Amino acid sequence: MPRQVIATTDAPSSPMFSQAVKAGPFVFVSGTVGTDPSTGSLAGATIQEQARQALTNCQAILRAGGASLDDVVEVGILLTNPADFAGLNEEWARWFPSDPPTRYGVKLGVDIPGLLVSIRMTAYTA
């Protein structure tokens, strides 16, 4: 099955990786942080602000790949500080109020100044 690289200007990008890759009915979204694509800066200093922007960015990437948040089956969350988990859940519940996808969370192993969260997703579109 051929793969299709997904790219959008509505989310941050890097020459080091694809924002997403579509393979068959799956869209695999790379780890996406809470950077505002219009400014290139982190969306705020709180976990809620950065999670909101990371989810907004993921949503834009999914849309570019022909998917939506309703198609998401798995989410991986990397937190700089595991103590931010409650704040993350606060924002998460706004995006997935019922029937949320599966998810896992781990501690982000890289120290990037100011960065609190990175979110990756897999969507199924068939």
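Is Q50 buried or exposed?

1. Q50 is buried, its relative accessible area being 0%, although this, like every value here, is read from a predicted model. The residue sits in helix α1, which spans residues 47–64. Beyond its neighbours within four places in sequence, Q50 is in contact with G34, L42, G44 and A45, and also with G114, L115, L116 and V117.

2. Strand β4 (residues 72–79) runs parallel to strand β5 (residues 102–107), the two being paired over six bridges, and within this pairing G76 has Y104 of β5 as its bridge partner. Together with helix α2 (residues 85–95), β4 and β5 form a β-α-β unit that is right-handed.

3. The salt bridges number three. In one of them the side chain of E91 meets that of R52 at 3.0 Å, N to O, which links helix α2, where E91 lies, to helix α1, where R52 lies, across 39 residues. E91 is buried at 2% relative accessible area, whereas R52, at 36%, is partly exposed.

4. E91 also forms a salt bridge with R94 (3.1 Å, N to O); these two are three residues apart in helix α2 and so are separated by about one helical turn. R94 counts as exposed, with 53% relative accessibility. Through shared partners, R52, E91 and R94 are joined by salt bridges into one network.

5. R120 and E74 form a salt bridge in which the closest N and O atoms are 3.7 Å apart. Because R120 lies in strand β6 (residues 117–124) and E74 in strand β4, the pair ties together parts 46 residues apart in sequence. E74 is partly exposed, at 31% relative accessibility.

Methods: Residues are numbered from 1 along each chain as its sequence is written. This is a predicted model: local features need pLDDT of at least 70, side-chain atom pairs count only at pLDDT 80 or more; totals for chains, interfaces and linings use all residues. Side-chain values use heavy atoms; hydrogens and water are left out. Helices (H or I, at least four residues) and strands (E, at least two) are DSSP runs, numbered from the N terminus. Buried means under 20% relative accessible area, exposed over 50%, partly exposed in between (1.4 Å probe, protein chains only). Contact means heavy atoms within 4.5 Å. Two strands pair if DSSP finds at least two bridges between them. A crossover is right-handed if, with the strands pointing away from the viewer, the path from the first strand over the helix to the second runs clockwise. A salt bridge is a side-chain nitrogen of Lys or Arg within 4 Å of a carboxyl oxygen of Asp or Glu.
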